[in-house]
Amino acid sequence: MSLISDSATSMCISVDTSVCSDYIEFNEEYSLDFSNVSNEAKKVYVYYKDIDDKIIAAMNKSIMIDTISPSDNSIVISDGDTLERNLIISSEGADYMCLSNQFINSSECNSWIPYSSSYDWTLESFSENTYVEVFVYFKDIYGNISEVVSDRVEFKNNNSIANNNDDIVIDDTLDVENE
């Protein structure tokens, strides 16, 4: 959290109690450890003292602690003959999503977009007949990120002759001259 004061020399920060006795040197940045706190609203109290050890400011702010990532996440790639597909997306608690045609770590998600249950997407095909996959992470307003989920489909290029069972017929009535 960021703290501002022109004249504070020390500060005391407590959570859920207005009693504060452990003053430390004033610093504009302070990190609170909520790793062992359940998901609920907390009240943070901040006290500033001046050089004469007098309390010059006391304030508090309610904050919401949420460490639960979006859940019940899924993605389904719609059927189709082109790389342009609709994605059917579902998540409980998601506010944002990050889509990719390749697996990436959540820390590599640079383009978080608003969560939507339907999204038009262009698949990326690396060869004419291959499986293509779409990966998605979900994030809530508190920054909690889900595990990745994905779906894959087999993409067949309709113009491909690979693995088709058509016979090749050569017209043997043509005259061929050797020179």
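Biologist: Why is C109 counted as buried?

Modeller: In this predicted model, C109 has a relative accessibility of 9%, and because buried means under 20% relative accessible area, C109 counts as buried.

Biologist: What makes C98 buried or exposed?

Modeller: The relative accessibility of C98 is 4%, which is set against the limit of under 20% for buried residues, and therefore C98 counts as buried.

Biologist: Why is the disulfide of C12 and C20 called left-handed?

Modeller: The torsion about its S-S bond is about -100°, so the disulfide of C12 and C20 is left-handed.

Biologist: Are these two cysteines, C12 and C20, buried or exposed?

Modeller: C12 has a relative accessible area of 2% and C20 a relative accessibility of 18%; because the limit for buried is under 20%, C12 is buried and C20 counts as buried too.

Biologist: What makes the aromatic pair of F103 and F135 edge-to-face?

Modeller: A search of the whole structure finds four aromatic pairs, and one of them joins F103 and F135, whose ring centres are 5.8 Å apart with 75° between the planes. Because centres within 6.5 Å make a pair and planes over 60 degrees apart count as edge-to-face, this pair is edge-to-face. F103 lies in the loop between β7 (96-100) and β8 (113-114) and F135 in strand β10, so the pair ties together parts that are 32 residues apart in sequence. F135, at 13% relative accessibility, counts as buried.

Biologist: How do you know that the charged end of K49 sits over the ring of Y23?

Modeller: The charged end of K49 is 4.1 Å from the centre of the Y23 ring, and the distance part of the rule asks for a position within 6 Å of the ring centre. K139 lies over the face of Y96, at 5.8 Å from the ring centre.

How values were computed
Residues numbered from 1 in each chain as written. Predicted model: local features only at pLDDT ≥ 70, side-chain atom pairs only at ≥ 80, totals over all residues. Heavy atoms only, no water. Phe/Tyr/Trp six-rings, centres within 6.5 Å; stacked < 30°, edge-to-face > 60°. Helix = DSSP H or I, 4+ residues; strand = E, 2+ residues; numbered from the N terminus. Buried < 20%, exposed > 50% of the residue type's maximum accessible area, 1.4 Å probe, protein only. Lys NZ or Arg CZ within 6 Å of the ring centre and 35° of its normal. Disulfide = S-S within 2.5 Å.
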